[in-house]
Amino acid sequence: MHFRNKSRDIGNAMLGQNAQLAAQQSLAEHGSDTAPYVRLIAEDFSVLSGADIADIAHFMCILHGSHPGVIDHAATKITEDAAREWLMQATDGFAAERSFLTKLTVAAGPISGVSADDPSNAAVLGQRKALEMLSQSDRNGCAIGAAMALVSDWHCIRKILEPIALRLGVEARFPILPNVEKTSDLKRELAQTPALERALNFGSEQLLNQHRGLWQLLEARRNTRLSH
């Protein structure tokens, strides 16, 4: 019995380490930092016009500025004690980020269409609907995986939002979200079975894919304006 318990503990530890590595790899491969548009902005923030800034604020607010959001929905699906402290900090922290997004959107002003039948708003509303479904999934681990990916990737997105706030004269208070390390540790702790690990990774990857899709849309809008 002692050896069986020890083997089980070792197996659970390996699963947790795999989940942590998967989270780090997912961010490295699919996080906002890897989007070409984000890299362009990071290299030279001055490339952004007023219209580009309005786009970023407006569409990011459509995706994540409404309540309840990804983290709020996920909180209703989580029963694990290990996640409660993280969820409380993430919920409170992202409430402040929603307020920050709203202030940026107001300060940036309205967006302008890039074509007569501009589909951008509808596309991002579709993304938001997809995230709502993801964060309300009954598949155990999927919702919290998405919430953890949002928190981790938001630290990347903040690197774009903070200089935007500076240009617009909006105060960018320090985020009170859980840091990437704490989030990664939680993912490792929750991944106790292969099925849970897969669900956590699925939720994470799906959310990051939506973020990459948003950056691609924003870059396409900028390129359309530049070509006119």
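**View 1. Contacts of Trp154 in the predicted model.** Beyond its neighbours within four places in sequence, Trp154 is in contact (heavy atoms within 4.5 Å) with Met60, His64, Phe94, Glu97, Leu101, Leu161 and Leu177. This is a predicted model: local features need pLDDT of at least 70, side-chain atom pairs count only at pLDDT 80 or more, and totals for chains, interfaces and linings use all residues. Residues are numbered from 1 along each chain as its sequence is written, and side-chain values use heavy atoms, leaving out hydrogens and water.

**View 2. The largest nonpolar core.** This core holds 56 residues. Trp154 is among those with the most contacts inside it, along with Ile56, Trp86, Ile144, Leu207 and Trp215. Elements giving two or more residues include helix H3 (50–64), helix H5 (81–108) and helix H9 (194–227). H7 gives the largest share, 15 residues. A nonpolar core is a set of buried Ala, Val, Leu, Ile, Met, Phe, Trp, Tyr and Cys residues joined through side-chain atoms within 4.5 Å. Helices are DSSP runs (H or I, at least four residues), numbered from the N terminus.

**View 3. Arg98 in helix H5.** Arg98 is found in H5. It counts as buried because its relative accessibility is 10%; buried means under 20% relative accessible area, exposed over 50%, partly exposed in between (1.4 Å probe, protein chains only). Leaving aside neighbours within four places in sequence, Arg98 touches His64, Gly65, Ser66, His67, Gly69 and Asp72.

**View 4. Asp33 in the loop between H1 and H2****.** Asp33 counts as partly exposed, at 33% relative accessibility.

**View 5. The largest pocket.** Its volume is about 220 Å³. Of 13 lining residues, Ala96, Phe100, Lys103, Arg158 and Arg173 lie nearest its centre. H5 contributes the most, six residues. On a 1 Å grid over the protein atoms alone, a pocket is an open set of points with protein on both sides within 12 Å along at least five of seven lines, and a cavity is a set where a 1.4 Å probe fits but cannot get out; lining residues have an atom within 4 Å of a point. Grid points are joined across faces, edges and corners, and a volume is the space filled by probe spheres set on the points.

**View 6. The largest cavity.** Its volume is about 80 Å³. Leu63, Pro68, Gly69, Val70 and Arg128 are the closest to its centre.
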